[in-house]
Amino acid sequence: MTYSDAVEAFLAHLTQVRRLSVSTVRAYRSDLADLGRAVGDGDLATVDLETLRDWLWRATQRGDARSTLARRAAAVRSFFGWARETELVPVDPSLRLVTPRRVKTLPVVASADGMRELLEQRRSAASGGDPIALRDHAILELLYAAGIRVSELCGVDVDDVDLHRRTVRVVGKGDKERIVPFGRPAADAVGAFLTRGRDALLARSTASTPALFLGARGARIGPRSVYALVTRALGPVVGTEHVGPHALRHSAATHLLDGGADLRAVQEILGHASLGTTQIYTHVSAERLTAAYRLAHPRA
């Protein structure tokens, strides 16, 4: 089988069998396309370890980040592991492929005071009744209060929200559903958008949609629009323009742990399959505690 045909079969497997998200499959396609440009579209079985090493070396020479190299190597290992299981290749050439260790960095987290000020500003801006301002306030409140992913937020329908119980049903990675609680400020913001803003946005479209959050033209809002909103709103708070919706998820998890929440409860709220993924936020809390100690203690 040719390389390109094998890649398409693998991507179909990721979508139909493993049920990975569209964005994850897109990332696999991009990484495998990069390898494809290096190896051509010959017989998949002709790709060997030296070919893969040369591919990574060239990526290193052009200055690709370690994180990029590690991600691409992981994608290639998954691909060739699948190819060996399906007997498309006699041996897996990626088994001995070594990549630089990914540099571990702590996630960007806003301070609780910074978030409080930001959301109060957005609440004041929404008080005038502008539908976009009402929507933006509700989006920021819900992302921070529930700690959900941007893809989960964009997929929320009106019927998924229970303002009385203050919960939202979301569909996470692997099509796994979970019910996530949120607080009264988020409930008030979402309620205000539903009663005063959503219909005004929906009227801008000729088609109806069950989506909770709508774009400027009345269709379901997309991740790019949410990313742009969070970048504009949160960038000044954390001091960098390179920030997106995940920073609100990071902030929610860190503030929950700072407030005494159980690690497993935070894992359930975030929808992490592994507790190890959630544990990064204990390191964030420890770093913040250490920084505060060094600033305040006379013997630090």
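Colleague: In what order do the strands of the open sheet stand?
Modeller: The sheet has three strands with antiparallel pairing, where strands are DSSP runs of E with at least two residues, helices are runs of H or I with at least four, and both are numbered from the N terminus.

Colleague: Which residue of E3 stands opposite Val170?
Modeller: This is a predicted model, in which local features need pLDDT of at least 70 and side-chain atom pairs count only at pLDDT 80 or more, while totals for chains, interfaces and linings use all residues. Residues are numbered from 1 along each chain as its sequence is written, and side-chain values use heavy atoms, with hydrogens and water left out. E2 and E3 run antiparallel and are joined by five bridges, and two strands pair if DSSP finds at least two bridges between them. Opposite Val170 stands Arg178.

Colleague: Which helices do the buried residues of H3 pack against?
Modeller: Leu49, Leu52, Trp55, Leu56 and Ala59 are buried in H3, buried being under 20% relative accessible area, exposed over 50% and partly exposed in between, with a 1.4 Å probe and protein chains only. They cover an arc of only 125 degrees around the axis, which puts them on the same side of H3; the arc is that of the directions from the helix axis to the C-beta atoms. The buried residues of H3 pack against helix H2 (22-39) and helix H4 (66-85).

Colleague: How are the rings of Phe10 and Trp82 arranged: stacked, edge-to-face or tilted?
Modeller: The structure holds seven aromatic pairs, counting rings of Phe, Tyr and Trp (its six-membered ring) with centres within 6.5 Å, planes under 30 degrees apart being stacked, over 60 edge-to-face and the rest tilted. Phe10 belongs to helix H1 (residues 3-16) and Trp82 to helix H4, so their pair ties together parts 72 residues apart in sequence. Both residues are buried. Their ring centres are 5.4 Å apart and their planes stand at 50 degrees, so the pair is tilted.

Colleague: What is the relative accessible area of Val89?
Modeller: Val89 is found in the loop between H4 and H5, and its C-alpha lies 9.0 Å from that of Met1, although the two are 88 residues apart in sequence. Not counting residues up to four places away in sequence, Val89 touches Leu44, Ala45, Phe80, Ala83 and Arg84, contact meaning heavy atoms within 4.5 Å. Val89 is buried, and its relative accessible area is 4%.

Colleague: What share of the 300 residues in the protein chain is buried?
Modeller: The protein chain has 14 helices and three strands, and its C-alpha atoms fill a box of roughly 65 × 65 × 35 Å along the principal axes. Of the 300 residues, the buried share is 41%.
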